[in-house]
Amino acid sequence: MILRAASDLGIDLGASYSVGDREWDVEAGRAAGTRTILVTNGHARKDGTSRADYVATGLEDASRFILSSGKDKGATA
């Protein structure tokens with residue numbers, strides 16, 4: 001689904017993030033070539049076992065991470 005959406009919409013997966021609350025969301029994002037964020041919300045453990053690029057405490061934390069990552073590359077938010 002991610003690959004099809006990227007193809008249909010011209011999305012650069014290498015410059016994109018997949019955000020989810022389960023490890024299978026992280027695995028899908030990794031398989032598609034995106035950077036990944038795992039949002040802990042009672043389903044996911046924040047014990048260092050996730051393969052996510054970043055583990056966020058909520059969507060606000062995930063948003064701050066994405067925005068700060070863009071600033072590192074000279075982008076403006």
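Predicted model: local features only at pLDDT ≥ 70, side-chain atom pairs only at ≥ 80, totals over all residues.
Local features need pLDDT of at least 70 and side-chain atom pairs count only at pLDDT 80 or more, while totals for chains, interfaces and linings use all residues. Residues are numbered from 1 along each chain as its sequence is written, and side-chain values use heavy atoms, with hydrogens and water left out.

**View 1. Strands E1 and E2, side by side.** Strand E1 covers residues 17–20, and strand E2 covers residues 35–39. Helices (H or I, at least four residues) and strands (E, at least two) are DSSP runs, numbered from the N terminus. E1 and E2 pair in the parallel sense over 4 bridges; pairing takes at least two DSSP bridges between two strands. Val19 has Ile37 of E2 as its bridge partner. To get from E1 to E2, the chain goes through helix H2 (residues 23–32), making a right-handed β-α-β crossover. Right-handed here means that, with the strands pointing away from the viewer, the path from the first strand over the helix to the second runs clockwise. As for the faces of E1, Ser18 and Gly20 sit on the covered one, Tyr17 and Val19 on the uncovered one.

View 2. Ile37 belongs to strand E2 and is buried, at 1% relative accessible area. The cut-offs: buried is under 20% relative accessible area, exposed is over 50%, and partly exposed is in between (1.4 Å probe, protein chains only). Skipping neighbours within four places in sequence, Ile37 has contacts that include Tyr17, Val19, Ala52, Tyr54 and Phe65, where contact means heavy atoms within 4.5 Å. Ala52 is 15 residues from Ile37 in sequence, yet their C-alpha atoms are 5.5 Å apart.

**View 3. Tyr17 against Phe65.** The whole structure has 2 aromatic pairs. In one of them, the ring centres of Tyr17 and Phe65 are 6.3 Å apart with planes at 85 degrees, so it's edge-to-face. Rings of Phe, Tyr and Trp (its six-membered ring) pair if their centres lie within 6.5 Å; planes under 30 degrees apart are stacked, over 60 edge-to-face, and the rest tilted. Since Tyr17 is in E1 and Phe65 in helix H3 (residues 59–72), the pair ties together parts 48 residues apart in sequence.

**View 4. Tyr54 on Phe65.** Here the ring centres of Tyr54 and Phe65 are 4.1 Å apart and the planes are at 5 degrees, so this pair is stacked. Tyr54 is in strand E3 (residues 54–56) and Phe65 in H3, 11 residues apart. Tyr54 is partly exposed too, at 24%. Ring pairs join Tyr17, Tyr54 and Phe65 into a cluster.
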